[in-house]
Amino acid sequence: MVEFDDSAAVAVVGMAVRVPGAERDLDLFWHHVVNGIDAVTFFTPEQLVGWGVPKDLVERPDFVPARAVLRDADCFDHRLFSYSPSDSTLMDPQQRILLECAWAALEHAGHPPVAADGNRIGVYVGTGLNVYLLDNVWPDERAVEAAGGLGLIIGSDKDFASTRIAYKLNLQGPALTLQTACSTSLVAVHQAAQALLTYDADLALAGGATVAPPTRRGHLHEPGGIFSADGRCRAFDAAADGTVPGDGAGVVVLKRLADALRDGDTVHAVIRGCAVNNDGARKAGFTAPGPTGQAGVISAALSVAGVDPDTIGLVETHGTGTALGDPIEVAALRQVFDSERPDRAPCALGAAKSVVGHLDTAAGVIGLIKTVLALKHRVIPPIAHLATPNPAVRLDGSVFELPAAARPWAPIDGVRRAGVSAFGIGGTNAHVVLEEAPAARPRPRRHVTELVLVSAKTAAAAQDSLDRAVACVAGTAPGELADLAYTLRTGRAELPWRAAFLTGAHASPPTVRQVAAKARARGVALHLTGAGELTGNRPNYDADPVYRQVVDEGVALLRGRDLDEAVQERCTRLLACVGLARSLRSRGVAPRALAGVGLGAVACAVVAGTMSVADALALIRGADVDGSRFGPPDLPVHTCGGEPLTEYDDLAYWRAQAAEPPAPATLPVDLDQVLWIEVGTSVTPHLGPDQPALPADRHARLLATVGALWQLGVVDAWDPAHDAGRRRVPAPTYPFAATRHYLDAPATRLDTERHH
């Protein structure tokens, strides 16, 4: 076994699912897994005929009216992705669901779902057969004619599953659509991991989707075949007689482990190694499983990972529950895992298909996500419907056990590791070796007021996002709120309907409002006064590194100097004013102009880069200053007469301004065409009807101002100084609007016409 190099490890940093019974809810999916609750639905003959299933097929004795289905599979949030209703209706629902999963997975990872230019984010996905095209779209001559040939192809063809995601989310790494039947999505995980390790990508999405229309809600059972006689998948059970088809999708976000740890990502699990191969002709037939190929791919993955098979505590199997497949799979596993080690702990087998059915192209990634959740919860989940182990599955003398109930997962040699298998019809096999995430590194936690930002494409979605964020904040420990606020600010798209609120005692009821085009056109100006109460800025000093840097610099420059009380006060006012103005700018408030009189004018000069803090303090103290050091401002500065500053190196002018008292809170120039913020020893916005509630706490007041401006659309990205030590954490993801875009099958349309 080779020694494992940590640089070859890949982290799972984000996940998203659409699974029967749990939909998008990872926690509910885990609840079903750990309690062995399956999601198969049974249908009446009337339902099936109404959906377009031929009546003679429904009446056959070997027809099983069962499938694990998704709720709202006919719905799509077309507004979020800027698709027209007609284009959405023609698009393969599998690709629509995959697109939503890609968005949600990136958000779960804490990365913005619409990436900035220059990114190297890859996409590796696949879908099942587009049955919607065959059963629903193609028979509708009017829809086909209206779509035109190219439009129909682009909306329907598998080739565009990956590139559609890349285009809509601006992902500029490789975008590959993969197809290997039932192993598709686990092969996609392998390819994504390889792309990371070869530096083709720095972040990668991998997954798959299989969704069939209601016309396929049932199957024919053949003795010894792949599909169950009673609609239950009893993997490894004596009563196992086949699997049950299901609809579902899943996407994981992968990143090199070293990069994920460096960047503060949440690591849910680690991919230690993976491999892909094919059976070739070493099996009974094209559709038959091949034990040699299965054993080979598992051995290869373990070798790549540098992992001793004796340390694997769980193998998530392909687990179809078929009379042929289960015994062959265990025989292949025994070739790899049978051990001579006397103290070898048992290795449990898992089978997600017993819970969600056979999700075809999505089966592998859902098995992977299930196993990641098992590692996170440190629980070995049961195999649903397991009553009597299948005697044909020879476990005697093996390391394997079939868990009928959940149990704690004890580490082996100090670590928890698992394998995940997926085997495709046609012989392409994939195996991934997983390990639990490394322990989080200790870091300082701060207990200060945080600004939480949420946005959405519509008012309703923004309100839903706001409600979710408020609930999440309420359930988060105070020391973790900084990470949550950071994730929601940097790991989401900035959309036109927005809400902002503060955490802690300074919170006020937040409201949703739309970005104001007029406000964006007006921009922001800062009126620097230096006026206000001198005390009360300790919260800013403690929580704000930009403000703290200004104060620390000033204190260091004044240390040891014998200053009278009036000069000391003026220096303190200048530092507070400059610190708050720089803090606003560092939080994305980009003023179009500065205005100030007296001490405020000197503060403007410092903020605009005309003079240094040291020179400003020297002016206030009456010390010698070399005016030749004064440079031109980097943005317009208005003087007391309202004119733009031109004589920036006029030392006499600056001495006179430094001697003036703080100005009143009125603008010395006509800035009616801009929003403006008064900056003294605290911050006061003047936003007219958009004026936010202002808490007394100085730091909270500043954050409330930034939040109000962000809602209006006039705040850019924050300086990274505010995010030092922050981590990306799972937070509420986008509440996709369930808007129906669907062509019903011909039988349904005829039935609807008869009733109208």
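The legends below describe close-up views of a predicted model.

**Figure 1. The whole protein, as a setting for the close-ups.** The model of the protein is predicted. The protein has 756 residues, of which 59% count as buried. Its secondary structure comes to 25 helices and 25 strands. The C-alpha trace spans about 100 × 75 × 40 Å along the principal axes. Among contacts between residues at least 6 apart in sequence, 79% join residues at least 24 apart.

**Figure 2. An edge-to-face pair of aromatic rings.** A pair of aromatic rings is described by the distance of the centres and the angle of the planes. The count of aromatic pairs in the protein comes to nine. In the pair shown here, the ring centres of Phe337 and Phe400 are 5.7 Å apart and the planes stand at 75°, so the pair is edge-to-face. The cut-off for this label is an angle over 60 degrees. Phe337 belongs to helix H12 (residues 325–337) and Phe400 to strand S14 (residues 400–401); with 63 residues separating them, the pair links distant parts of the chain. Both Phe337 and Phe400 are buried.

Figure 3. The rings of Tyr734 and Phe736 form a tilted aromatic pair, with 5.5 Å from centre to centre and 55° between the planes. Tyr734 has a relative accessibility of 5% and therefore counts as buried. Phe736 is buried too, because its relative accessible area is 10%. Tyr734 and Phe736 belong to a cluster linked by ring pairs, which also includes Phe76, Phe81, Tyr83 and Trp103.

**Figure 4. Two arginines over tryptophan rings.** Arg217 lies over the face of Trp51, at a distance of 4.8 Å from the ring centre. In the second case, the ring belongs to Trp710, and the charged end of Arg498 sits over it, 4.5 Å from the centre.

**Figure 5. Thr371 and its contacts.** Thr371 is part of helix H14 (residues 363–377). Its relative accessibility is 1%, so Thr371 counts as buried. When neighbours within four places in sequence are left aside, the contacts of Thr371 are Leu314, Glu316, Ala418, Val420 and Leu434.

**Figure 6. His318 in a loop.** His318 is placed in the loop between strand S11 (314–316) and H12. A relative accessible area of 9% is why His318 counts as buried. Neighbours within four places in sequence aside, His318 is in contact with Cys182, Glu329, Lys353, His358, Ser421, Ala422 and Phe423. Val123 is 195 residues from His318 in sequence, and the C-alpha to C-alpha distance between Val123 and His318 is 24 Å.

Notes
Residues numbered from 1 in each chain as written. Predicted model: local features only at pLDDT ≥ 70, side-chain atom pairs only at ≥ 80, totals over all residues. Heavy atoms only, no water. Phe/Tyr/Trp six-rings, centres within 6.5 Å; stacked < 30°, edge-to-face > 60°. Helix = DSSP H or I, 4+ residues; strand = E, 2+ residues; numbered from the N terminus. Buried < 20%, exposed > 50% of the residue type's maximum accessible area, 1.4 Å probe, protein only. Lys NZ or Arg CZ within 6 Å of the ring centre and 35° of its normal. Contact = heavy atoms within 4.5 Å.
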